[in-house]
Amino acid sequence: PEPGQYCFESPQAAHYEKGQHFLSHEDGFPLRLARHNGFQRHATLLVYLNDVAQGGCSGFDHLAEVAVQPRQGSALLFFPATSDGRPDPRTLHAGQDAHDTKWVVQQWIVRGFMEPSTSAAA
């Protein structure tokens, strides 16, 4: 996308079987990679396609109170980068061990990379 322009990455479906998980990660790219790619992920939408009775939560490492249990048709929206394109480390998250099958679709909204303003860092 052009600098400042929003668009979507291709959606991805993920399937987890009992005991599977996704390790802690950030969806926002480090500035160097965002610069190289020409875009930054500004929003993540997770849509849960089935109920998971136990386990399988989407949990945030630095936001201890935030853990979303998958329920069919529910969604989790969060913002992995600040408005100026810097990755937000508070959004470090993981998919916890599933005790049942889990299906989720991931959609990222990206913005053409714009160099962060130096005044925003102050």
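Begin by selecting Leu-46, which lies in strand 4, residues 39-48 (strands are DSSP runs of E, at least two residues long, numbered from the N terminus). The model is a predicted one, in which local features need pLDDT of at least 70 and side-chain atom pairs count only at pLDDT 80 or more, while totals for chains, interfaces and linings use all residues. Residues are numbered from 1 along each chain as its sequence is written, and side-chain values use heavy atoms, leaving out hydrogens and water.

Leu-46 counts as buried because its relative accessibility is 8%, where buried means under 20% relative accessible area with a 1.4 Å probe, protein chains only. Now show its contacts, meaning heavy atoms within 4.5 Å: not counting residues up to four places away in sequence, Leu-46 touches, among others, Ser-58, Leu-76, Phe-78 and Val-104.

Next, select the largest nonpolar core, whose 9 residues include Leu-46, Ala-14, Phe-60 and Val-104; such a core is a set of buried Ala, Val, Leu, Ile, Met, Phe, Trp, Tyr and Cys residues joined through side-chain atoms within 4.5 Å. Strand 2 (12-16), strand 4 and strand 7 (75-78) each supply at least two residues of this core. A second, separate core of 5 residues includes Phe-29 and Phe-113.

From Ser-58, move to Val-68 in strand 6, which stands opposite Ser-58. Strand 5 (residues 58-60) and strand 6 run antiparallel and are joined by 2 bridges, and two strands pair if DSSP finds at least two bridges between them. Finally, colour the open sheet of 4 strands, which has the order 3-8-5-6 with antiparallel pairing.

How values were computed
Buried means under 20% relative accessible area, exposed over 50%, partly exposed in between (1.4 Å probe, protein chains only).
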